[in-house]
Amino acid sequence: MSNLSIIRLHASISIKPDNWDKFRKMVSEVKSIVASEEPGNVLTHETYYQENSFDCLIIEAYVNENAFLEHLQKIQPLMNKYNINWNVNRMELFGLLSAETVSILKESVKDGEFIFYDKIF
């Protein structure tokens, strides 16, 4: 497997304080979905936060674009259910992705910074 076929996403997000508990519940449910996904498709799926802060860092890695898109499709009902009020401050996307996928993710970063890396040494 080429390292370039691995899809990586790093996202710095800020959660509105009144949505923090909902966000924590959603993350817990997302973890359950990740655990049920095809073994080897989701390589990393972690959400980090600091005490006394509503800022998080999401780090994800998928074996390829199809695995990434399947994951997004599986978590979409949770995104709709919880409807979290958050802001994506910065998203970095890495790997070989279709222009359509890149465009959709770029649109999700309204006021933040979006960076797409598609080359590797």
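Lys119 forms a salt bridge with Asp118 in this predicted model, where a salt bridge is a side-chain nitrogen of Lys or Arg within 4 Å of a carboxyl oxygen of Asp or Glu. The closest N and O atoms of this pair are 3.5 Å apart. Lys119 is exposed at 69% relative accessibility, while Asp118 is partly exposed at 31%; buried means under 20% relative accessible area, exposed over 50%, and partly exposed in between, with a 1.4 Å probe and protein chains only. Residues are numbered from 1 along each chain as its sequence is written. Local features need pLDDT of at least 70 and side-chain atom pairs count only at pLDDT 80 or more, whereas totals for chains, interfaces and linings use all residues, and side-chain values use heavy atoms, without hydrogens and water.

The count of salt bridges comes to four. Arg90 pairs with Glu92 at 2.4 Å between the closest N and O atoms, and Arg90, Glu92 and Glu113 are linked in a network of salt bridges. Of these, Glu92 is buried, with a relative accessible area of 15%. Lys81 forms a salt bridge with Glu29 at 3.3 Å. Because Lys81 lies in helix H2 and Glu29 in helix H1, this pair ties together parts that are 52 residues apart in sequence. Helices (H or I, at least four residues) and strands (E, at least two) are DSSP runs, numbered from the N terminus.

Helix H1 covers residues 20–36. Its 17 residues should span 24 Å at 1.5 Å a residue, and the end C-alpha atoms are 25 Å apart, which agrees; the expected span is 1.5 Å times one less than the number of residues. The buried residues of H1 are Trp20, Phe23, Met26, Val27, Val30, Ile33 and Val34. They cover an arc of only 125° around the axis, so they sit on the same side of H1; the arc is taken from the directions from the helix axis to the C-beta atoms. The face turned away from that side carries the exposed residues Asp21, Lys25, Lys31, Ala35 and Ser36.

The largest nonpolar core has 31 residues, of which Ile13, Phe23 and Leu93 touch the most other members. Such a core is a set of buried Ala, Val, Leu, Ile, Met, Phe, Trp, Tyr and Cys residues joined through side-chain atoms within 4.5 Å. Its largest share, seven residues, comes from H1.

Two loop residues remain. Asn52, between S2 and S3, has a positive phi of about 60°. Asn83, between H2 and S4, has a positive phi of about 45°. Most residues other than glycine have a negative phi.
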